[in-house]
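Please open the model in a viewer and keep the selection panel at hand.

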Amino acid sequence: MTVTFSSFVKSLAVNTARLSSASPWSAGKLTLVLGNESADLDSMVSSISLAYTLTQTSSVPAIPIINTPRADLSLRPDCNLLLTTTLALSGGSLHDLTFIDDIDLSSVIEKYTPADNYVVPGQLDVWLTDHNAPTSTQMFLEPFVRGIVDHHVDEGRCLGAETRDIEMVGSCASLVARMLREREDSVDPALAKMILSPVLLDTANLSPTANKATDVDRAAVAWLLPQVQWAQMSATTHDDDDADSPISLDAQNTTELYRALDKLKGQVSDLSARDLLRKDYKQWLVSDHSGSQWNVGISSVGYRLKKWVKRDGQEAIIAAVEQWIGERQLDIALVMTHGKAKEKGVKTYGRDLVVAFSERRMDKSGDVIAGLTASDLELTGFPKLQSTEHVRFYEQQRTDASRKQVFPTLKSVIESV
């Protein structure tokens, strides 16, 4: 029996209580769908839409888990506005979603783990989307992973998953759209707009010059586009540069929708340094040549380093990064800043990179830096900024290399030292 998107949305309100129930027998069989911990628009939409997709072929409830604290949604105005409007069109609200701090995920897993640690297939299944291996803080999920839908480099884990749909496309939501299209000829207009939005955002509106879109992304847009009702959303937020200029998702075409989402995503100038570091953040465990494990964290910051230094000063940025290393107990932290900045009077897109080491990894910092600067990231010293022993500043000449490319490069370097 086909479940409508409206029915699925209305069912979300009971999920947190279901996951907090006293035993797996009262909760029943469950499927959990988790996006990655950076919890950007692609990750949130992919977790919601994949959970909905799974309900089309199974009677087992599929629950999307938004993999970030609920309060952190305020750091993501693009996610906040899009989900507010699309869920409302289907009779739901943001309050109905389950965020990672609404539940004790490890306790949920323990309820489904017998004393002999034998995992009963089908009793609790986990699907990962927008990542293909549990983060270092959620590794207890691995025995339960049944399916993966992701667009990052395959980390070679969760090899027992029945579904491993891992393909380097522009947006993970495009892979979910392909999966959904195999089950349904058409979708609810609100869901169509929800899925379309991260595809447009992650591919720069399918721009050929951005070189991010693949045939899978273009096929997703071609399928979703006719199903969107362009005049139904009216929620607004304010332009970061002009408080009197509202941004609306009540767009008339893909160009307007992309520009509105891109502007919302770029509203970061009022965020503190710590909020910039945690807004779009991922963390991994990587073993070096001797087998020693490194805690690796990478923050993606949509704010050029030049602007950030002008706002806060270099010493404040160094202090914030060093404090972040302590807070997250990292061995190495990378801060990828990106966006447009004026160069000789012309706004151009660029990338910069901050590389910082904990005290205990200083003995190998030289080898790591040598590996990174010799890589295809094309790193050069950042002009007018003086690197310190622990924190280094670079311009990244290869502007098409996002975290999807930078992490595999860093991982390879650490594994070799």
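Begin by selecting helix 8 and helix 9, where helix 8 passes helix 9 in a left-handed crossing. A crossing has this hand if the near helix is turned anticlockwise from the far one by less than a right angle, and is right-handed if clockwise. Helices are DSSP runs of H or I with at least four residues, strands are runs of E with at least two, and both are numbered from the N terminus.

This is a predicted model, in which local features need pLDDT of at least 70 and side-chain atom pairs count only at pLDDT 80 or more, whereas totals for chains, interfaces and linings use all residues. Residues are numbered from 1 along each chain as its sequence is written, and side-chain values use heavy atoms, with hydrogens and water left out.

**Helix 8 against helix 9**

The axes of helix 8 and helix 9 come within 10 Å and cross at roughly 150 degrees. Helix 8 is therefore roughly antiparallel to helix 9. Axes are lines fitted to C-alpha atoms, for helices over the stretch in contact, and angles run from 0 to 180 degrees between N-to-C directions. Angles under 35 degrees count as roughly parallel, over 145 as roughly antiparallel, 65 to 115 as roughly perpendicular, and the rest as oblique.

Next, display the side chains of Ala192, Ile195, Leu196, Val199 and Leu200 on helix 8, together with Asp217, Val221 and Leu224 on helix 9; these residues make the contact, which means heavy atoms within 4.5 Å. By class, this contact of helix 8 with helix 9 has 7 nonpolar, no polar and 1 charged residues. Here Ala, Val, Leu, Ile, Met, Phe, Trp, Tyr, Cys and Pro count as nonpolar, Asp, Glu, Lys and Arg as charged, and the others, Gly among them, as polar.

Which helix packs with helix 9 at an angle of about 55 degrees? Select helix 7: its axis and that of helix 9 are 9 Å apart. Helix 7 and helix 9 are therefore oblique to each other, and their crossing is left-handed. The residues in contact include Arg178 and Arg181 of helix 7 and Asp217 and Trp223 of helix 9. The contact of helix 7 with helix 9 comprises 8 nonpolar, 1 polar and 3 charged residues.

Now turn to helix 7 and helix 8, which pack at about 145 degrees with their axes 8 Å apart. Ala173, Ser174, Ala177 and Leu180 of helix 7 meet Leu191, Ile195, Pro198 and Val199 of helix 8. This contact divides into 7 nonpolar, 1 polar and no charged residues.

**The nonpolar cores**

Select Leu83 and Leu97, which have the most contacts inside the largest nonpolar core, a set of 60 residues. Such a core consists of buried Ala, Val, Leu, Ile, Met, Phe, Trp, Tyr and Cys residues joined through side-chain atoms within 4.5 Å. Among the elements that give two or more residues to this core are strand 2 (62–66), helix 7 (172–181), helix 8 (189–202) and helix 9 (215–224). Apart from this core lies another, of 27 residues, including Trp308 and Leu385.

**Two single residues**

Select Asp40, in the loop between strand 1 (30–34) and helix 4. Is Asp40 buried or exposed? With a relative accessible area of 19%, Asp40 is buried; the term means under 20%, exposed means over 50%, and partly exposed lies in between (1.4 Å probe, protein chains only). Asp40 touches Cys79 and Asp130, not counting residues up to four places away in sequence.

Finally, select Ala370 in helix 14 (residues 365–373). At 41% relative accessibility, Ala370 counts as partly exposed.
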